[in-house]
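Me: I would like to go through this structure with you. Could we take the terms as they come up?

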Amino acid sequence: MLKSLRWKFILYAAVTVFAILLLLPTLTSQLPSWFMKVIPTDKIHLGLDLQGGMYLLLTVEGEKAVESYVEQIRNNLKDELKERGIPVGRLETEKPDRIVLEFSGAKEKVDNLLSQRFTMLHELSPSSEGGIWKVRLVLDSRETDYVKKRAIDQALEIIRNRVDQFGVAEPEITLQGTDRILVQLPGIKDAERAKKLIGQTALLEFKLVDEEGDVDEALKGNIPPGDVILYQRSVDPQTGAARRMPFLLKEKTLMTGEFIKDARVSLESGFGETHVSMEFTDVGAKLFEQITGSNVKKRLAIILDNNVYSAPVIQERIAGGRAQITGRFTPEEANDLALVLRSGSLPAPVTILEERTVGPSLGEDSIRKGIFSIIVSAIVVVLFMVVYYKATGIIADVALVLNVVLTLAALAIFRATLTLPGIAGLVLSIGMAVDANILVHERIKEELRWGKTIRAAIDQGYHRAFITIIDSNLTTLIAGVFLYQFGTGPVRGFAVTLCIGILANIFTAVYVTRLIFDFVTLRPGTKKLSI
Amino acid sequence: MELIRPGTHIDFIGKKKYTLWISAIALLICLGSVFLFGGLKYGVDFAGGILIQIKFSKPVDISEVRNAMDAMGSKEAMVQAFGGENEFLIRIEKASEDLEVLSKKIQDSLQEQFKGKSAEIRRVEVVGPKVGKDLKEKALYAVGLSFLAILIYVAWRFKQVSYGLGGIVALVHDVIVVYGVISIAGIEYSLNVMAVILTVIGFSINDTIVIFDRVREDVKKFRKEDLETIFNTAINETLGRTVLTSGTVMMVVLILFFFGGAVIHDFAFALIVGLISGTYSTVYIASPVVLFWEKYISKGRGRS
């Protein structure tokens, strides 16, 4: 008997000490460095509702990625058909994943081309009228899925990259489901800036200005074929008035930002303007040299997300692979622009589905008040148990405190996040711990009233109460597991602390208190139990 | 110390003919408030929309904030005082796609209109229509499945469907009461309130099981008594525990209510309501359901 008690005591004490060690990093930051090597836990991770920060749920518009992919295929197809001398009438994208092609001549030639170079396209409903063939080409559905998936993966990578460069401590950027990206930035100060940085598509394009076309005519609706109108937006620094200047551009994109190796803010500002200078990769540099070489004296527009930034005249062939974007940037804007250019453009636009930003002061408030009320309630409950159950109330108190310690330690070791609903789960599990102790105590009292000896009363009391405690805790645990499995976000946070709390509860209220009871009544001839 | 004297025998079950009416009327009021009078206000979390919490360092009257919102054309905005002094909550419930733009416009405009009063934006929540719908569906799914699991477990443990059913009916009662009181009190249904509902479910099933467990034990002990008497005995035997547990937990929740801060205030209020309902429903909902089932549907097999 005594021996088995001793072993139990050693085991329970070891668990307690280990739990306290796990919690030390949360309680104090002044730990010696060797400690972190031995006990590899962090602080308990607080949710953004408690510590302040920004939570963003984004969706990547995969459809748009498919659309631009099909657009690219169409351009390639156009070039290939031209190369092979096939007379083409219409060649348009009809739906995001569908191209209409009209041509005359032998159909075999086109079929050959399609089966050799464009296997991702399926031919639909070919028809012929007066020697003109009309076919619809649909993008393969597997290819569509692949393009969408790749867009998500790339977007995730690029956003991660941008956030890293922006410099946020402990950001979390994860994929949610199939098409959503969850971004969590603790302690962020300038939410607007961060949002802009993450959400900007940052598609950089170089297009030639159509020097022959008439901008005014085009604005009336007579846009020359193969041309497009884009605007340069500028804000007058004195009046604050916004201006939009139209540009008539060749639709064809000569080069995009994918060849950028590096982008920096350059400080050599002659006219008080900040530049962002770009350096291209080797391939990009050659391409840029070729483009500038064959278009000397023409204007080359630099376009970012469909806004014209500048359209300088190409003076000569530009070798060395460098270019600049000028504009009336504030240093902060220039810095962010350089950052997004460096990290690459998003493959498709992203939209914000959900945003939750908690300012640091509010989070602090919540924590301060939360901790205050927890301490007050702890004192009230602990005192109550001692007043009501006298000496054995202390045993219940040990169990309660240990329950909280174990639950928090488990949160630390599993790196679970503690949120406001999580605290509700904690409160519920503490309530159940109080209940378990009360059940045991009331039952022992009852058995004593029936005239049982102390040892027998404790035995019976635990035996009877055990069934009830297990039943009620297991029922709640089952509900908790389902909530965890099928719930999202806050429901999950609640379920995690509840489940851990209940497991800790079964251990502390049933096993630990029993051991203490046994120790207390070990002395033969114990006549009175202060309960 | 004894709060409930041993040997106390109150005829709880005997009063069920009165409490049945009380429960029925309470449920009708709650359901009526939720369904007929559009009482349950879905917060931004579920309805989609914008929530902005703003604090000024200098005195600002609530009417000034309202005027400011009107001035920028956001007539659908609701403004309420929140938490400490000069702190307000602005809510716009709207399921549209361009909420981000609107949110930025409001923030900029408020900063501009209250320039000298150093407005601090303390919290911004923007929930798009898709997300709100998702959250609602998933939460419903999670709660429904956990109810089913509880039903199965309790029915299996007590070897009778009636016990599981009694527990679940009591849970449904508690959930309706909490929803009803929230809707009557004008509290918004938010994610935090949903956490309360889950907590109430936990407490309520715990309470029910403690008494059912005692009934199971007493059924073996007093073989000659009828089930109604046994329920009464069981409730009385566990009365001390019921009062102590509910009392202790209620103390904790009251402390949260008074000291927990503005964010937690509604949360604690709903929890108080749920605790009362959960304790009541064990005696006057769960038990009568079992008694009714055993008496009329399974004809007393519950005693075996």
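Reply: Two strands pair if DSSP finds at least two bridges between them. Helices (H or I, at least four residues) and strands (E, at least two) are DSSP runs, numbered from the N terminus. This is a predicted model, in which local features need pLDDT of at least 70 and side-chain atom pairs count only at pLDDT 80 or more, while totals for chains, interfaces and linings use all residues. Residues are numbered from 1 along each chain as its sequence is written, and chains are lettered from A and ligands numbered from 1 in the order in which they are written.

Me: How many bridges join strand S14 of chain A to S17(A)?
Reply: Six bridges join S14 (residues 274–280) to S17(A), and the two strands run antiparallel. In this pair, A:Glu279 stands opposite A:Arg322 of S17(A).

Me: Which order do the strands of that sheet have?
Reply: The order is S13-S14-S17 in chain A, an open sheet of three strands with antiparallel pairing. S13 (260–266) and S17 (322–327) are the edge strands; each has a single partner strand, so one side of each lacks a neighbour in the sheet. From one strand to the next the twist averages 20°. Axes here are lines fitted to C-alpha atoms, for helices over the stretch in contact, and angles run from 0 to 180 degrees between N-to-C directions.

Me: Which helix packs on the sheet?
Reply: Helix H10 (residues 331–343) of chain A does, touching S13 and S14 of chain A. The direction of this helix makes about 175° with that of S13(A). Two residues are in contact if their C-beta atoms, placed from the backbone, lie within 7 Å.

Me: New topic. At what angle do H13(A) and H14(A) cross?
Reply: Roughly 165°, with the axes of H13 (residues 454–486) and H14 (residues 489–520) coming within 9 Å. The two helices therefore count as roughly antiparallel; the classes are under 35 degrees for roughly parallel, over 145 for roughly antiparallel, 65 to 115 for roughly perpendicular, and oblique for the rest. Their contact has 19 nonpolar, four polar and two charged residues. Ala, Val, Leu, Ile, Met, Phe, Trp, Tyr, Cys and Pro count as nonpolar, Asp, Glu, Lys and Arg as charged, and the others, Gly among them, as polar.

Me: And in chain B, how do H1(B) and H10(B) pack?
Reply: H1 (residues 16–36) of chain B packs against H10(B) at about 110°, with the axes 10 Å apart. These helices are therefore roughly perpendicular to each other. B:Lys16, B:Thr19 and B:Ser23 in H1(B) meet B:Tyr284, B:Ile285 and B:Pro288 in H10(B).

Me: What does chain B have overall, helices and strands?
Reply: Chain B has 10 helices and six strands. The C-alpha trace spans about 80 × 45 × 30 Å along its principal axes. Of the 304 residues in chain B, 47% are buried. A residue is buried if 20 or more other C-beta atoms lie within 10 Å of its own, exposed if 12 or fewer, and partly exposed in between, with C-beta atoms placed from the backbone.

Me: Last one: is A:Glu211 buried or exposed?
Reply: A:Glu211 counts as exposed because it has 10 C-beta neighbours inside 10 Å. A:Glu211 lies in the loop between strand S9 (204–208) and helix H8 (215–219) of chain A.
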